Amino acid sequence: MEFRKQKSIYQQIADRLMDQILAGMPAEDERMQSVRDVAASMGVNPNTVMRSFDYLQSEEIINIRRGVGYFVSPDAKTKILALQRREFLEEELPVIRQKMKTLGIGIEELTKED
Amino acid sequence: MIEIRNLDFSYKKTPVFSDINLSFPQGAIYGLLGENGVGKTTLLKIICGLQRPLKGTCTVDGMTSHDRLPEMLQRVVFLPDEVTLPDNSTPQRYVSELAPFYPTFSQGAFLHLMQELEVEPERKFREMSFGQQKKSLIAATLSLGTDYVLLDEPTNGLDIPSKAQFRSILSKIADEGKTIIISTHQVKDVENLIDPIVILSHNAVLLDASVQKITEKLYFEYGGEAREDALYSELMPAGYMNVIPNTTGDESQLNIEALFNAVLRNKNRINELFK
């Protein structure tokens with residue numbers, strides 16, 4: 001049983017960029033690394049990274065300032081967390097639930113302090 | 001733009017292409033794939049004017065390749081898989097001999113590329129390993145600054161660290177709007193770099209599609225059981241990888257080797273899915 005589907009590369013890159021924004025690198029209102037630099041650092045096709053940026057823009061996580069570049073939106077973190085929460089509930093949780101059932105792990109394990 | 005229309009080509013009595021149509025619009029890294037002997041190298045040679053088609057046309061920015069007009073030749077560079085280099089020459093002398101034919105050549109770009117690939121421009125070719133020679137050739141080729149760059153098996157002979165540098169360099173060049181065509185069997189070396197992907201077979205173009213289109217049409221499922229309806233299945237350590245028609249619209253991670261096998265085994269179904 002797979003834990004997660006293997007997402008397409010543009011989605012994997014978008015996920016990574018969102019994780020970086022959550023970690024404050026870059027922070028809200030700060031400038032994003034350029035598409036060119038992200039693509040070159042990963043050795044991937046710039047069009048693929050462009051698609052990741054387009055996706056983040058469509059989710060209003062980043063915005064473009066003409067002639068300057070992409071910037072992190074002021075409320076990017078809230079938006080990313082909402083996206084990730086939805087993805088967790090829809091995609092990951094059902095798998096975890098199924099696995100807990102198979103392994104006989106009860107709900108109390110989730111709240112147990114180490 | 002490179003345009004190939006109704007192209008026929010054969011070596012003596014061995015037909016290679018019959019009625020091939022392909023176009024390479026500007027500003028992408030095309031991956032040209034195909035089994036041995038399907039004519040990948042021949043196609044590159046036709047594009048740069050080294051081979052003459054029997055019938056049909058191949059044009060670069062509207063100029064017929066085989067006319068070999070200077071305006072066309074200075075826009076295209078072809079790096080063959082194997083190049084015999086003069087033992088006593090150096091990368092710097094080699095590129096200086098090519099440079100007069102290419103008005104877009106940049107000595108600065110050459111030195112920068114040599115530095116990135118960690119080869120010394122003044123070192124003699126005979127003192128270099130095959131991989132270092134190859135890296136010198138890649139640096140020389142790309143420093144010519146042509147709009148069209150044709151690379152035949154460019155990662156052959158490169159050591160492991162150089163392959164990542166190669167991808168990074170190509171990614172930057174593509175971002176400058178250049179058109180690059182990479183013919184290769186080493187698909188892992190250029191995975192995530194080539195887009196669109198063109199798969200040739202004897203006498204036909206089996207696939208010519210962007211990665212987005214491919215992942216919209218085909219779903220790559222990793223780690224499960226083999227599927228009856230799969231276009232291709234392969235057992236991997238974590239389970240079967242299946243290539244199936246994409247019915248959900250979710251895009252998955254493209255695996256070029258699996259794509260290649262799926263296309264070769266299901267020519268009609270692929271044709272149907274992508275038309």
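The crossing of helix H1(A) and helix H4(A) is left-handed (the near helix is turned anticlockwise from the far one by less than a right angle; clockwise would be right-handed). This is a predicted model, in which local features need pLDDT of at least 70, side-chain atom pairs count only at pLDDT 80 or more, and totals for chains, interfaces and linings use all residues. Residues are numbered from 1 along each chain as its sequence is written, while chains are lettered from A and ligands numbered from 1 in the order in which they are written. Helices (H or I, at least four residues) and strands (E, at least two) are DSSP runs, numbered from the N terminus.

**The helix pair in chain A**

- H1(A) covers residues 9–22 and H4(A) residues 76–103; they pack at about 130°, with axes 10 Å apart.
- Axes are lines fitted to C-alpha atoms, for helices over the stretch in contact, and angles run from 0 to 180 degrees between N-to-C directions.
- The angle makes H1(A) oblique to H4(A) (under 35 degrees is roughly parallel, over 145 roughly antiparallel, 65 to 115 roughly perpendicular, the rest oblique).
- Met18(A), Ile21(A) and Leu22(A) of H1(A) meet Ala76(A), Lys77(A) and Ile80(A) of H4(A) (contact means C-beta atoms, placed from the backbone, within 7 Å).
- These contact residues comprise 5 nonpolar, no polar and 1 charged (Ala, Val, Leu, Ile, Met, Phe, Trp, Tyr, Cys and Pro are nonpolar, Asp, Glu, Lys and Arg charged, the others, Gly among them, polar).

**The three-stranded sheet in chain B**

- An open, antiparallel sheet has 3 strands in the order E11-E13-E12 (strands pair if DSSP finds at least two bridges between them).
- E11(B), 218–224, and E12(B), 232–236, are the edges; each has a single partner strand, so one side of each lacks a neighbour in the sheet.
- From one strand to the next, the twist averages 20°.
- E12(B) is joined to E13(B), residues 239–245, by 5 bridges.
- Glu234(B) stands opposite Met241(B) in E13(B).
- Helix H8(B), residues 256–265, lies across E11, E12 and E13 of chain B, at about 145° to E12(B).

**The four-stranded sheet in chain B**

- An open sheet of 4 strands, paired antiparallel, runs E2-E1-E4-E5.
- E1(B), residues 2–11, and E4(B), residues 55–60, share 5 bridges.
- Ile4(B) stands opposite Cys58(B) in E4(B).

**Where the chains meet**

- 19 residues of chain B contact 16 residues of chain A.
- H6(B), 160–175, and E11(B) each supply at least two residues of chain B's side.
- H6(B) gives the largest share of that side, 7 residues.

Key:
Two residues are in contact if their C-beta atoms, placed from the backbone, lie within 7 Å.
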